[in-house]
Amino acid sequence: MEFSYTEESQVGKEGLFVNKVLGFTGLAVLFTGLVGWVYGRMLLHFFSDGAGYLNETGLVVLLAVLVIALLSSLLVSIFATAWAWKSHKTPIVWYVVYILTQGLSLGSVVALGVEPFAIGLALGITAIAFLICFGIGYLSKGRVKGARLALTIIGVGMLIHFFTFGIWYLVFPTTLLFAYPLISFIFFIVASLYIIIDANNVKNRIDDGYELTNALALTCAFTLYTDFMYLFWKILRIVIIIFGKSKR
């Protein structure tokens with residue numbers, strides 16, 4: 001599917017378009033949860049130590065899949081979005097890939113024994129924060145200045161974050177505990193800025209005369225979905241720090 005410009009009046013269509021964008025974003029989050037639950041249960045079924053935990057083989061499999069899933073998610077979120085806006089084509093395949101990789105990451109968290117309460121609380125806080133940031137960005141007058149530069153800087157920061165702190169956390173989760181709350185808070189702010197900028201860009205697409213098709217709605221939703229999940233992981237880390245750790 002492709003999206004294009006139109007000279008037709010779009011008065012009255014903006015509200016429906018925004019609802020579609022948020023709806024597609026919500027469906028992606030729902031499917032992510034489903035994939036995560038299935039994958040987490042499969043890990044515990046095939047690699048159980050008999051006491052409800054993963055055995056050593058299961059932990060190795062989990063870690064390998066998790067690193068691949070996180071790296072794939074990061075690359076897709078950065079490059080697929082840029083490709084979509086440059087080519088004017090909807091990144092449906094990349095959307096599915098991202099849902100799967102995020103689902104695998106979430107399933108790994110489930111298999112590690114993170115309490116459902118923590119995951120549910122993080123998801124609820126993320127939804128509220130997402131809607132607030134989306135409203136700020138969408139209702140802002142004019143355009144967010146320096147958005148392209150800001151996104152580039154944030155993207156580079158995410159890469160550095162993954163290849164340093166992210167991998168360090170996976171390999172040595174009990175070290176640098178004192179720095180985790182501060183680092184998580186910083187990237188919580190980064191994720192919030194992402195949502196504000198991308199929400200403002202949704203409004204700009206409407207103002208620029210793009211035809212408000214399902215293809216464009218899916219592309220906008222993909223961008224916001226990557227923002228939502230990034231924010232979710234930051235909030236989940238904070239929730240775990242406050243309310244307790246996983247069983248493993």
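Trainee: Is Gly36 buried or exposed?
Mentor: This is a predicted model, so we read computed values from it. The relative accessible area of Gly36 is 0%. The cut-off for burial is under 20%. Gly36 therefore counts as buried.

Trainee: Which residues does Gly36 touch, leaving out those up to four places away in sequence?
Mentor: First place the residue: Gly36 sits in helix 1. With residues up to four places away left out, the partners of Gly36 are Gly103, Leu106 and Gly107.

Trainee: How many helices does the protein chain have?
Mentor: Start with the order of elements. From the N terminus it runs α-α-α-α-α-α-α. There are zero strands in the chain, and the helices number seven.

Trainee: What percentage of the residues of the protein chain count as buried?
Mentor: The test is a relative accessible area under 20%. The protein chain has 248 residues, and the share that count as buried is 45%.

Trainee: Of the contacts with a separation of 6 or more, what share comes from residues 24 or more positions apart?
Mentor: Ala221 and Leu22 give an example of distance along the chain: they are 199 residues apart in sequence, yet 6.5 Å apart in space, C-alpha to C-alpha. Now the whole protein chain. Among contacts with a separation of 6 or more, residues 24 or more positions apart account for 86%.

Trainee: Are helix 1 and helix 4 roughly parallel or roughly antiparallel?
Mentor: Helix 1 covers residues 14-46, and its axis is 13 Å from that of helix 4, at an angle of about 155 degrees. Angles over 145 degrees fall in one class. Helix 1 and helix 4 are therefore roughly antiparallel.

Trainee: Which residues of helix 4 make the contact with helix 1?
Mentor: The crossing of these two helices is right-handed. Helix 1 brings Glu14, Val18, Leu22, Thr25 and Val29. By class, the contact of helix 1 with helix 4 has seven nonpolar, one polar and one charged residues. From helix 4 come Leu123, Phe130, Phe134 and Tyr138.

Trainee: How far does helix 4 reach from its first C-alpha to its last?
Mentor: Helix 4 spans residues 116-139, which is 24 residues. At 1.5 Å a residue, 34 Å is expected. The model comes close to that, with a reach of 34 Å.

Trainee: Are helix 3 and helix 7 roughly parallel or roughly antiparallel?
Mentor: Helix 3 holds residues 92-111, and helix 7 holds residues 214-243. Their axes are 11 Å apart, at an angle of about 15 degrees. Angles under 35 degrees set the class. Helix 3 and helix 7 are therefore roughly parallel.

Trainee: How many residues of helix 7 are buried?
Mentor: Helix 7 has 30 residues and reaches 41 Å, close to the 44 Å expected. One of its residues is Ala221. At 0% relative accessibility, Ala221 is buried. Helix 7 is mostly covered, and of its 30 residues the buried ones number 25.

Trainee: Are helix 1 and helix 7 roughly parallel or oblique to each other?
Mentor: Their axes come within 8 Å and cross at roughly 50 degrees. Roughly parallel needs an angle under 35 degrees. Helix 1 and helix 7 are therefore oblique.

Trainee: Which residues does Ala221 touch, leaving out those up to four places away in sequence?
Mentor: Ala221 takes part in the contact of helix 1 with helix 7, as do Val21, Phe24 and Thr25 of helix 1. Ala221 also belongs to the contact of helix 3 with helix 7, along with Tyr95 of helix 3. With residues up to four places away left out, Ala221 touches Val21, Phe24, Thr25 and Tyr95.

Trainee: Is Lys89 buried or partly exposed?
Mentor: Lys89 is in the loop between helix 2 and helix 3. Its relative accessible area is 36%. Burial needs a value under 20%, and exposed starts over 50%. Lys89 therefore counts as partly exposed.

Terms used
Residues numbered from 1 in each chain as written. Predicted model: local features only at pLDDT ≥ 70, side-chain atom pairs only at ≥ 80, totals over all residues. Heavy atoms only, no water. Axes fitted to C-alpha atoms, helices over the stretch in contact; angles between N-to-C directions. Helix = DSSP H or I, 4+ residues; strand = E, 2+ residues; numbered from the N terminus. Parallel < 35°, antiparallel > 145°, perpendicular 65-115°, else oblique. Contact = heavy atoms within 4.5 Å. Buried < 20%, exposed > 50% of the residue type's maximum accessible area, 1.4 Å probe, protein only. Expected span 1.5 Å × (residues − 1). Left-handed = near helix turned anticlockwise from the far one by under 90°. Nonpolar A, V, L, I, M, F, W, Y, C, P; charged D, E, K, R; others polar.
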